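Here is a short briefing for a first look at the model. Please keep the sequence and the 3D view open while reading.

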Amino acid sequence: MSKQYLTTHTVDNAHLTDIYSLAATPTALFSASGSSTIHIHATAQPGFPLGQSLTGAHKLGCHHIAVSRNGKVAASAGFGGEVKIWRLSESGSGEWEPFGELEPAKSASKSAGEVWAIALSEDGQYLASTTYDGRINVWDLFGDRSEKLREYETGMAGSGSFGLCVDLSRDGKYTASGHQSGAVYVFNNDTGRLQYSLPGLIKPIRTIAFSPASTRLAAAGDAGVIAVYDTKHGEHVGNLTGHTAWITSIDWSDTGEYLLSGAFDGKVKVWSIDRGACVATHSETDKALWSVRWLPKTGRNEMFCTAGANRSLTFYREATGA
């Protein structure tokens with residue numbers, strides 16, 4: 001059984017350059033691009049108006065943005081190597097405000113490769129980040145930001161494979177990373193040790209995501225295949241095949257029933273995890289999609305958003321129901 005999604009709204013030229021990253025809260029969608037401004041669109045309002053712009057956030061542009069599941073903390077990583085933290089104002093205005101920066105090392109200079117991909121824990125306290133040489137770091141944003149809580153090595157010191165993507169499990173137990181070498185690693189945050197080195201896809205892994213229940217891990221990239229792993233035993237339990245281009249972004253639906261994926265050829269697909277099959281494909285653009293995200297379910301139909309090289313935000317909603 002296929003599912004139908006309709007393009008419900010498009011924000012054309014939402015940014016001046018390619019949009020590299022999206023992050024969603026229950027009421028807002030963050031978008032980051034090669035320009036210095038981060039935009040926040042109000043997704044609970046008709047037409048998804050621009051609610052706020054964080055101007056001058058990253059002088060050289062922003063390549064990754066993440067938001068905590070509770071919708072109160074956000075983090076953005078810039079091409080200049082800086083990581084900025086943001087928080088939802090406690091005044092109830094719905095505005096976001098600066099919450100300082102990450103200080104990767106007071107002694108080391110900020111280098112663009114020291115923090116690449118980022119992920120936040122459910123409450124926004126912990127930030128996981130990857131480096132150019134395969135290290136994975138975990139930071140306590142509510143504590144001393146100059147001290148790493150955990151530092152995981154994935155290769156010989158200083159010579160690991162570039163960490164292209166990272167995710168934290170919703171229960172906070174695991175950190176997972178995907179690398180240029182095609183390797184996938186899962187670390188146990190409680191013990192500070194490598195839990196699993198998973199059989200990878202040989203080609204670079206560009207996107208990785210834990211399911212909402214933290215029982216599954218999906219990873220995808222240049223092989224054009226989404227590999228699904230069981231997190232309890234570290235077993236490879238299946239592949240989702242159908243993309244014919246590099247997969248750049250994946251995201252689990254709130255229930256964990258569906259997986260969303262976006263690719264370099266502009267195609268976005270929705271997959272049924274139970275059936276291991278693609279149930280919808282859309283291609284509003286032939287330009288690369290860099291990020292795809294479900295909008296958290298808030299009593300309305302399922303919705304997702306795509307963004308990339310066409311500089312627009314395209315919103316889709318499920319065609320069934322009101």
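Is Asp-230 buried or exposed? Asp-230 is buried, because its relative accessible area is 12%, and the cut-off for buried is under 20%. The model is predicted.

**Asp-230**

- Asp-230 is found in strand β20.
- The Asp-230 side chain reaches the backbone nitrogen of His-233 at 2.9 Å.
- Beyond its neighbours within four places in sequence, Asp-230 is in contact with Thr-215, Arg-216, Glu-235 and Val-237.

**Nonpolar cores**

- The largest nonpolar core has 16 residues.
- Val-184, Val-186, Leu-198, Ile-208, Leu-217 and Tyr-229 have the most contacts inside this core.
- Elements that give two or more residues to the core are β15 (174-179), β16 (184-188), β17 (193-198), β18 (205-210), β19 (216-221) and β20 (225-230).
- Leu-198 is in contact with Val-184, Val-186, Leu-217, Tyr-229 and Gly-234, leaving aside its neighbours within four places in sequence.
- A second, separate core has 14 residues, including Ala-32, Ile-38, Val-67 and Ala-74.
- As a general background, nonpolar side chains tend to be buried together in soluble globular proteins.

- Strands β16 and β17 pair in the antiparallel sense over five bridges.
- Val-186 stands opposite Tyr-196, a residue of β17.
- Four residues lie between the two strands of the hairpin.
- In this hairpin, Gly-192 takes a positive phi near 75°.

**His-39**

- His-39 lies in strand β4, which covers residues 38-42.
- His-39 is buried, because its relative accessible area is 14%, with the cut-off set at under 20%.
- The side chain of His-39 reaches the backbone oxygen of Ala-14 at 3.3 Å.
- The His-39 side chain also makes a polar contact with the side chain of Ser-53, at 2.8 Å.
- Not counting residues up to four places away in sequence, His-39 touches Ala-14, His-15, Leu-29, Phe-30, Ser-31, Leu-50, Gln-52 and Ser-53.

**A four-stranded sheet**

- Four strands form an open sheet, in the order β22-β23-β24-β25.
- The pairing in this sheet is antiparallel.
- Which strands stand at the edges? They are β22 (247-252) and β25 (277-282).
- Each edge strand has a single partner strand, so one side of each is left without a neighbour in the sheet.
- Neighbouring strands of the sheet are turned by 20° against each other on average, direction ignored.
- Five bridges join β23 (residues 258-263) to β24 (residues 268-272), and these strands run antiparallel.
- The bridge partner of Leu-260 in β24 is Val-270.
- In general, strands of a sheet pair through backbone hydrogen bonds.

**Cysteines**

- How many disulfides does a search of the whole structure find? The search finds zero.
- The closest cysteine sulfur to that of Cys-62 is in Cys-305, 15 Å away, which is too far for a bond.
- For a disulfide, the two sulfur atoms would have to be within 2.5 Å.
- The sulfur of Cys-278 also has its closest cysteine sulfur in Cys-305, at 19 Å, again too far for a bond.
- Cys-62 is buried, with a relative accessible area of 1%.
- Cys-278 is partly exposed, with a relative accessible area of 29%.

Terms used. Residues numbered from 1 in each chain as written. Predicted model: local features only at pLDDT ≥ 70, side-chain atom pairs only at ≥ 80, totals over all residues. Heavy atoms only, no water. Core = buried A, V, L, I, M, F, W, Y, C linked by side-chain atoms within 4.5 Å. Buried < 20%, exposed > 50% of the residue type's maximum accessible area, 1.4 Å probe, protein only. Contact = heavy atoms within 4.5 Å. Polar contact = N/O pair within 3.5 Å; in protein donor to acceptor, adjacent residues only side chain to side chain. Pairing = 2+ DSSP bridges. Axes fitted to C-alpha atoms, helices over the stretch in contact; angles between N-to-C directions.
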